[in-house]
Each structure stands twice: as structure tokens, then as C-alpha cells.
Amino acid sequence: MKRARPWAGAVEVIALFLILIAGCAPRLIPEELAREIDPALTLERIRENVDAQLGKRILLGGEIIEVRPLEGKSEIEILEKPLDDRQVPLPVDASAGKFILIHPGPMDASLFRSGRRATVVGKVAGSRTTEGSVIPVLDELFIRVWPPQGVAPESRISIGIGFGTVIHR
């Protein structure tokens, strides 16, 4: 005689619930744009041969150094920083160098100011040579400026069982 397990169907229901919750997580980069990003492309690779990388899309993060208004557009100079698993630039000294992001139109100077961190998707448009260093130039396709360091990060909902630790960067 087979014994009924009242919890047998609960495991499947919980698994389905967890899959649905994971699918509802917000994406930072729009999906159609994320598909176009070359995951193997790095700032170093662009620097090695800019012409071979023209038109390719890259995901980068960093700290804004300076914003320069130009006629009909803005130029953002950014010091590259590695991204964490949420695609937020890490507040570390490590960097692959500078890049320039061309924004189509004027920018709000109070939001896009020196020291703010940003996550960007850009299309390789060329480079500039300054003091013997090649600085890649990207056309902006997406930008997300993060709250100043020291400000509480955006709230996140977590569901879990057991003990854990939350570390805010």
C-alpha cells in the first residue's frame, strides 16, 4: 500500500514559485540591447585595435571624471571600474583606464557630475590619443548613474530561509 505524502506537491509548487520570482527580477540593461553586447570585448581590446572594434557594443562601468558640453551633445570622460554582479561599478582603485562617452544632447550637470558612478552601454565610435595614451570613444546607447557613495542603495526584496548577511558597498 502506497502511503500518501501531504507535502509531495508542495515541492513542485515552491520550485515553480521560485522560477517565477527569478523571472520577474528587473533588468538593468534592456534585453534587446543586452543581446547586442559583445561579452568578450574589453577596454584593453578596443585600445589594441580600435578600427577592428568599430560599431561593436560594450558594457562598462566607472566613475565620471568630467562632463563637457558641446554643440548638440555632451562628452563624458569616465574612469573605468570593474562591475559587480548587479552591474554597479565597484568603488576600487583597479581600472583599465579612461574612455569617453558621447551623449546625444545636453546633460543635467547636477546628476552627471565628477565622482558619480555610472554603468553604460556604448557603441565603439573611435578613439583619441592624449599624452601617448589611446582613449576609446563610445556613442552612448544606455547610461545609468548611481546614487553617490554613502547613500543607501536601492531597496531590494529578498526571500530566503535561514541565516544570511547583507553587505552594502
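Start by selecting Gln53, which sits in helix α4 (residues 50-53); helices here are DSSP runs of H or I with at least four residues, strands are runs of E with at least two, and both are numbered from the N terminus. You are looking at a predicted model, where local features need pLDDT of at least 70, side-chain atom pairs count only at pLDDT 80 or more, and totals for chains, interfaces and linings use all residues. Residues are numbered from 1 along each chain as its sequence is written, and side-chain values use heavy atoms, leaving out hydrogens and water.

Is Gln53 buried or exposed? Gln53 is buried, with a relative accessible area of 6%; buried means under 20%, exposed over 50%, and partly exposed in between (1.4 Å probe, protein chains only).

Now show what Gln53 touches: leaving out residues up to four places away in sequence, these are Leu41, Arg45, Ile46 and Val124. A contact means heavy atoms within 4.5 Å.

Next, zoom out. The protein has 4 helices and 5 strands, running α-α-α-α-β-β-β-β-β from the N terminus. Of its 169 residues, 31% count as buried.

Select Ile76, Val120, Leu138 and Ile143, the residues with the most contacts inside the largest nonpolar core, which has 20 residues. Such a core is a set of buried Ala, Val, Leu, Ile, Met, Phe, Trp, Tyr and Cys residues joined through side-chain atoms within 4.5 Å.

Stay on Val120: beyond its neighbours within four places in sequence, its contacts include Ile58, Phe99 and Phe142.

Finally, pick Leu33, Ile37, Val121 and Phe142, which are among the 5 residues of a second, separate core.
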